[in-house]
Amino acid sequence: MSINKKIYIGGLIVLLSFSVQAQQNLSLGVVLNGSGWSGDNGQGSSSFSSDKGGQFGMSISYSMNKFYTGLSIQGGEYQFDKTGPEQFSSTGNLPTQSVKVKHSDFDLLAGYYFWPKVSLFVDLKAVGSRWLNNDYEQNFSGLGFGVSGYHPLNEKWTLYGSWGFVGGKIRETDKTELGDGVSNALIVGANYTLSKNDRISMGLKVRNYTFDYDDGSEQEYSLNGLFAGYNHVFSF
Amino acid sequence: MKYFNQLTLLSVLILVSFFQLSHAQSRGIGLVTQTAESRTPFKGGYYRALVIGNSVYRDKIGEWPSLKTAVSDARAISNILSTQYGFSDVETLENATRRDVLKALDGLSRRALPDDNILVYYAGHGFLDDDSSRGYWVPVDAEGTDSSTFLRNSTIRDELNLIATRSKHTLLISDSCFSGTLLRQGTRGIRQQDDSEKYYKKVSDKKSVQIITAGGVEFVDDNYQSSGHSPFTYFLLSELKNNDRKMLTVSELSGNVIKTVANNVQQVPEAGVLQGAGDELGEFIFIRLNVLVEGVDPKKVKVDVNVLPAENNTVNSSKPDDLMMPEVLQLEQKKPAHADVNAVKPHLPMPTL
């Protein structure tokens, strides 16, 4: 499925919701993700790890009764002192050392609470990795599906979580396809109501990526870590 | 990063247009928490009310003494309907003559639209003719026990019937002695409560013509515990004030009012339907404005019950007097506005993969 088709599907889901009339909320959020990046370059190659990095993200989400949609952009840099993630490019593989890599996430998401506390969602996701030493960039994008839920503990605290997976293509910036990838993500967190319109959240986010390149190479890595966020909600 | 730029631009455009379009459409009701005006759930009709309070009787024979609370009852009902339940058309009659009442009922039936919700409230004297077992409302220009100067129940039912044929949901609340005679036919029990959206939609779609009365064929009290309200209206107001749900059916409301009144005074209100007026087992649904107080400590939530001081009750005017605003009595709310944490979907961070 091409990226354009995925965008159309995402847009269609949003457009289909226009007819619904219900209570509406708009939420603006920021998040700090103290994740470490570790993985394996596959085929007996080196493993790599960085705990010198993190991500900052912003999100805007809109909910209307049981329906919600939103956009999230997150990014940050990771410093690899020794072995880093290899560049499996269309011109060959390039091992890296002592490299700084920029990692970014883009999510366009729409979900619906089919059950009182459980929702299903689709996520048009794109992940970018950019090696700053030679300014090489590749992207992984695809359509993901997930489930989320929450459990209120009291009027202030709510536990929540989500899990989902994405299947997609790995491409260079000139759209040259390099292979296929899958990823999954697990979030477990707690949300605290500061006031009528303000929330803070904290928890653990685990993301796993597996990339199968067309030349037979394989790379796996994880971005795991704690996060803390703040959301301001406008109700109307 | 080229993908990111394209995707970001497209996403922002979709979100912005989505926000604008859906915001522009949000005039309907559905399950919306209202801020100004309510409409029939799932339909879009208006909420209208005729509220009558008769306190000062002109009877020279002395058969009908003044009532302490009827006018303040009517004012408090009008106030809560318009400010907390989104009634956009509320006509309040104070110390109304027979002609005033009939004229107002006629006007109300003429304003009624097919999807509308019509509420008629009456507080005042009632009369029961023991020989004929006929019940009456007693207007302020009634002359002794001359029933021809009263409003016969059958006349009230006829008027209500006409309103019911022109609207979706009709509710009569009568706070007077012997008002139960309005219900001698067609009384039904309270239905099992169900708070699912499906249930509300089902009963909202069906026509209803319901009645709640302060008592059966008995005298009812005036000025409950010097509150400025009759016990029936006091507990009716209390239920409406303390209601923490967006939608409240008449069956739910009447069930609670009957219990609380019966538990506190020697009086048992009744509830039922108006027979022959086309009731289809639907429900008149009250929609509470701004019911959710998320983020507010429930211990700090207070509920206002409007109480007019007894000395201000001898009002003889046909229009509400702005100078006689009800005092506010702070009462602890029975249940916090969001006591059930499971009932409100919290605002959570958007899940991402």
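Leu281(B) is not a glycine, yet its phi is positive, at about 65 degrees. Its place is the loop between strand S10 (270-273) and strand S11 (285-287) of chain B; strands (E, at least two residues) and helices (H or I, at least four) are DSSP runs numbered from the N terminus.

In chain A, Ser98(A) is a residue other than glycine with a positive phi, near 45 degrees. Ser98(A) belongs to strand S7 (residues 92-112) of chain A. With 49% relative accessibility, Ser98(A) counts as partly exposed.

## Basis of the model

This is a predicted model, in which local features need pLDDT of at least 70 and side-chain atom pairs count only at pLDDT 80 or more, while totals for chains, interfaces and linings use all residues. Residues are numbered from 1 along each chain as its sequence is written, chains are lettered from A and ligands numbered from 1 in the order in which they are written, and side-chain values use heavy atoms, leaving out hydrogens and water.

## Confidence in chain B

Chain B has a mean pLDDT of 72, and 65% of its residues reach 70 or more; pLDDT is the predictor's confidence in each residue, from 0 to 100. Among the elements of chain B, the highest mean pLDDT (95) is that of strand S3 (residues 117-123), and the lowest (28) that of strand S13 (residues 327-332).

Residues 15-35 of chain B have pLDDT below 50, and this stretch has 54 contacts in the model beyond near neighbours in sequence, a contact being heavy atoms within 4.5 Å. Over residues 297-341 of chain B pLDDT stays under 50 as well, and the model has 87 contacts for them beyond four places in sequence.

Technical notes. Buried means under 20% relative accessible area, exposed over 50%, partly exposed in between (1.4 Å probe, protein chains only).
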